Amino acid sequence: MKSLEDLKKLRDQSLKNMQMRYQVGGTRIQVGMGTCGIAAGARPVLNKFVEEINEHELKNIVITQVGCMGECAFEPIVEIVDQDGTSSIYCKVTERMVNEIVEEHLVNHKRLDRYLLSSVKR
Amino acid sequence: MLERMQILMCGGTGCLSSHSKEIRTEFDKALSEMGLRDEVQLVMTGCFGLCEKGPVVIVYPDETFYSHVTVADIHEICEEHVLKGRPVERLIVKDPVDKQKVKNFGELKFYAKQKRIALRNCGNINPLDINEYIAKDGYLALGKCLTELKPLEVIDWMKRSGLRGRGGGGFPTGQKWEFASKSNDPVKYVICNADEGDPGAFMDRAVLEGDPHSVLEAMAICGYAIGAHQGYIYCRAEYPVAVERLNHAIGQAREYSLLGKNIFNSGFDFDIEVRLGAGAFVCGEETALMASIEGFRGMPRLKPPFPAVKGLWGHPTNVNNVETFANVPVVYLKGPDWFKAIGTAKSSGTKVFALGGKIANTGLLEVPMGTTLREVIFDIGGGIPNKRKFKAVQTGGPSGGCITEKSLDTPIDFDNLIALGSMMGSGGMIVMDEDNCMVDVARFYLDFTVDESCGKCTPCREGTRRMLDILNKICRGDGTLEDLDTLESLGNMVKDTSLCGLGQTAPNPVLSTLKHFREEYVAHVVDKICPAGVCPNLTNFVITDKCIGCTKCMKNCPVGAISGTVKQKHKIDLDKCIRCGACKKACPVNAISSKPEDWRAIVRG
């Protein structure tokens, strides 16, 4: 390391790996990981979210897991709670859908109504 | 695969001794078995401060704070929390103040009133990974100093920050650096004093174990400021984890060219070596410390000449304590005015305290100067356990004194504590309740200094020994009122005539307890009783009506002095009793008392 610039570059890169520890507020993505969720494939979905969000370099997002939300037939269920508190519950989420949800919901801030639990159930 | 979870566990000495290393291994094993190992990062950090709750594990991103974790719990944490997202309720930490379960780390009252500068990274980063330190702006202060500031400006910033030495003396750091910089000698040294010796103080160890790079960075900044190219860290060999992590950190810093030749292309060279001490208390004194590094017996010498003029191997040397150094990078990152604004007018910044004794939250905490003792002990420390009454707090270790209830609202800073007859010292804080005998406490500290006196000067070598003899006599029950006067005049004499800080402060615990708790001394020598029920010759153990007749005390008595039948109140035969206190420890309902008000009626019939 020979310059301040090198140091700052390394700092920003290392901080990215530690972001999880310093997150306050922001958007929460909650993946239902009850037995039902796991059986329906919630784990690859969760990991896909981590991957996509990192790829898009999105900040201020916490990805966490929660227990069964009660609608076991519609698992994997992913709830996205936006900064303002609005909640969107996506159901029967697949890895392919994660890509779309990240791009539309999280990047463009447009809810994907057709994947929502409320529309699928109706 | 990218990680979706990070599990931080405390790797400080406290938690290591309660098996945090095994916990890490078990996490590794359990996660691998479940096929989750790639998704979770395991980080061994430095001390979190809440040692009472150790071993401590924090799970991110949800910040779940688990306390008293055992190896047997790991499988459940992995299966329930990591896999299924359900935190293990029974392990979640309870707030010691109101007994409420705390959802996450941020909600703990223990941390709410703290401001962490010296401990900013402890418990937060992996001390074995320089990248994590760099991520938290590590070495940025050094880079800034080397490329943007001249040495004189570096010293000027330090003076403006108002940082004072955290090892105990409270000497202004900027002024110390200025003295060392003024000498023209081409060879100068920077020494980090990591010979932490106060019983009950462990803040320096926490910094060295949890954030070793902050000390290395600060030493390099100091080296640049005063014109030194070599630094030594004098650490006691009793801190093996700290020594290991320091050496590891030095290796990494050299690899990244943050130590060595031509740092940041500035032409400035600086390197650091660790020197081990054998753990003598007197080696915390700077001249004794330097003698020890040079390979001689660790004994202090007369000052002046001060180390800034004639120090290690006769060259100008700057000695600062670990915690002082840990504050240094922040002064340059945030600016001296930011630092100066924290704390009180004459003592800026924060201070780390090691809270111990009769206190709910044993551990490390860092508060702005000017916080009151009451806030530290009751709000952060959680108060006295077992509904006991607060009696005194001893600050400054064997060199400090006792502070009583009436002074609890004093804002803590260097000058206020001295005015109270105690001192800041390195920041040890031992809380005592009604069950502590103050004569016994004074004897404990004096016993320590007698052991640790190097023997070079007579007042310290002989004077403290004679004082201890008198205290032993008082505790045995053979003391007289005259002894108290002798003790006081002898104490003042030792204080005034000793060569170094050890002897000059050794009588403090005795003098301050004599001042604040004279009636306890008088009870020992005149009434021949120990009001707290501690000194064996001056107390009796009796069983009160709280006894449930469980026979536990009977089984634990080594001399068979207790008689009684199941479910009936037992009795102690005071002629057979050797006053060892084993029964008191064994009693599940606190029915055994050694308090004079309980036994007097029985003994005197």
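In chain B, strand S12 (residues 390–395) and S13 run antiparallel to each other and are joined over four bridges. Strands here are DSSP runs of E with at least two residues, helices are runs of H or I with at least four, and both are numbered from the N terminus; two strands count as paired if DSSP finds at least two bridges between them. This is a predicted model, in which local features need pLDDT of at least 70 and side-chain atom pairs count only at pLDDT 80 or more, while totals for chains, interfaces and linings use all residues. Residues are numbered from 1 along each chain as its sequence is written, with chains lettered from A and ligands numbered from 1 in the order in which they are written.

Back to that strand pair: Thr395(B) sits opposite Gly401(B) of S13(B). The pair belongs to an open sheet of five strands with mixed pairing, ordered S11-S10-S14-S12-S13 (chain B).

Zooming out, chain B splits into domain 1 (5–112), domain 2 (130–340), domain 3 (350–433), domain 4 (438–527) and domain 5 (540–603), with bounds from an automatic or database domain assignment. The centres of domains 2 and 3 of chain B, taken over C-alpha atoms, are 27 Å apart. Between them, 14 residues of domain 2 of chain B are in contact with 15 residues of domain 3 of chain B, contact meaning that C-beta atoms, placed from the backbone, lie within 7 Å.

As for helix H9 (residues 203–210) of chain B, eight of its eight residues are buried, Met203(B) and Arg205(B) among them. Buried means that 20 or more other C-beta atoms lie within 10 Å of a residue's own, with C-beta atoms placed from the backbone.

Then there is the meeting of the two chains, where 27 residues of chain A are in contact with 27 residues of chain B. On the chain A side, H1(A) gives the largest share, seven residues.

Notes
A residue is buried if 20 or more other C-beta atoms lie within 10 Å of its own, exposed if 12 or fewer, and partly exposed in between; C-beta atoms are placed from the backbone.
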